[in-house]
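Please read the points below with the structure in view.

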Amino acid sequence: MFAIEPYSAERQRFIKNDKGGLDCPWEPVRVLGITKDEDGELAYIVETYSGSERMLSVEPYVRVR
């Protein structure tokens, strides 16, 4: 993992809707670092927020806000 200067971005979430399909909203995140995933591809370490909780996750791509 490489730490970087944190910056604001968005990740795409896939949420099942009432019609049986998927909604794909973008949600704000803060990119904290970069790493490699299981396949050796570039991935981003992001901080996400859910209410008052902050969580870390690894995302294959993000878009800059």
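A patch is made of residues with over 30% relative accessible area and no salt bridge, and nonpolar side chains are joined into one patch within 5 Å. In this predicted model, Phe14, Leu22 and Tyr61 make a nonpolar surface patch of about 330 Å². The points that follow begin with the chain as a whole and then turn to its strands, its charged pairs and its aromatic rings.

**The chain as a whole**

- The protein chain contains 0 helices and 7 strands.
- Read from the N terminus on, its elements follow the order β-β-β-β-β-β-β.
- The C-alpha trace spans about 40 × 30 × 20 Å along its principal axes.
- Of the 65 residues in the protein chain, 25% are buried.
- The accessible surface of the chain comes to about 5,000 Å², and carbon and sulfur atoms account for 50% of this surface.
- When contacts between residues at least 6 apart in sequence are considered, 33% of them join residues at least 24 apart.

**Strand pairing and hairpins**

- Strand 4 and strand 5 run antiparallel and are joined by 6 bridges.
- Lys36 has Leu42, in strand 5, as its bridge partner.
- The hairpin of strand 4 and strand 5 has 5 residues between the strands, and Gly40 takes a positive phi near 85° there.
- Strand 5 also pairs with strand 6, in the antiparallel sense and over 7 bridges.
- Within this pairing, Val46 stands opposite Ser57 of strand 6.
- The hairpin of strand 5 and strand 6 has 2 residues between the strands, and Gly51 in its turn has a positive phi of about 65°.

- Thr48 belongs to strand 5, which covers residues 42–50.
- Thr48 counts as buried because its relative accessibility is 4%, and buried means under 20%.
- Leaving aside residues up to four places away in sequence, Thr48 touches Arg11, Glu27, Val29, Glu53, Arg54, Met55 and Ser57.

**Salt bridges**

- The structure holds 6 salt bridges.
- One of them joins the side chains of Arg11 and Glu59, with 2.7 Å from N to O. This pair links distant parts of the chain: Arg11 is in strand 1 (residues 2–12) and Glu59 is in strand 6 (residues 53–59), 48 residues apart.
- Arg11 is buried, with a relative accessible area of 14%, and Glu59 is buried at 12% relative accessibility.
- The side chains of Glu27 and Arg13 also meet in a salt bridge, at 3.4 Å from N to O. Glu27 lies in strand 4 (residues 26–36) and Arg13 in the loop between strand 1 and strand 2 (15–16), so the pair ties together parts that are 14 residues apart in sequence.
- Glu27 counts as buried at 18% relative accessibility, whereas Arg13 is partly exposed at 34%.
- Arg11, Arg13, Glu27 and Glu59 are linked in a network of salt bridges.
- Glu47 forms a salt bridge with Arg54, and their closest N and O atoms are 3.3 Å apart.
- Is each residue of this pair buried or exposed? Glu47 counts as buried, at 9% relative accessibility, while Arg54 is exposed, with a relative accessible area of 60%.

**Aromatic rings and the nonpolar patch**

- A pair of aromatic rings is described by the distance of the centres and the angle of the planes.
- A search of the whole structure finds 1 aromatic pair. Trp26 and Tyr61 form this edge-to-face pair, with 6.3 Å centre to centre and 65° between the planes.
- Trp26 is partly exposed, with a relative accessible area of 29%.
- Tyr61 is partly exposed as well, with a relative accessible area of 39%.

Note on methods:
Residues are numbered from 1 along each chain as its sequence is written. This is a predicted model: local features need pLDDT of at least 70, side-chain atom pairs count only at pLDDT 80 or more; totals for chains, interfaces and linings use all residues. Side-chain values use heavy atoms; hydrogens and water are left out. A salt bridge is a side-chain nitrogen of Lys or Arg within 4 Å of a carboxyl oxygen of Asp or Glu. Helices (H or I, at least four residues) and strands (E, at least two) are DSSP runs, numbered from the N terminus. Buried means under 20% relative accessible area, exposed over 50%, partly exposed in between (1.4 Å probe, protein chains only). Patches are made of residues with over 30% relative accessible area and no salt bridge: like charges are joined within 9 Å, nonpolar side chains (Val, Leu, Ile, Met, Phe, Trp, Tyr) within 5 Å. Accessible areas come from the Shrake-Rupley method with a 1.4 Å probe; for residues, only the protein chains shown count as cover. Contact means heavy atoms within 4.5 Å. Two strands pair if DSSP finds at least two bridges between them. Rings of Phe, Tyr and Trp (its six-membered ring) pair if their centres lie within 6.5 Å; planes under 30 degrees apart count as stacked, over 60 as edge-to-face and the rest as tilted.
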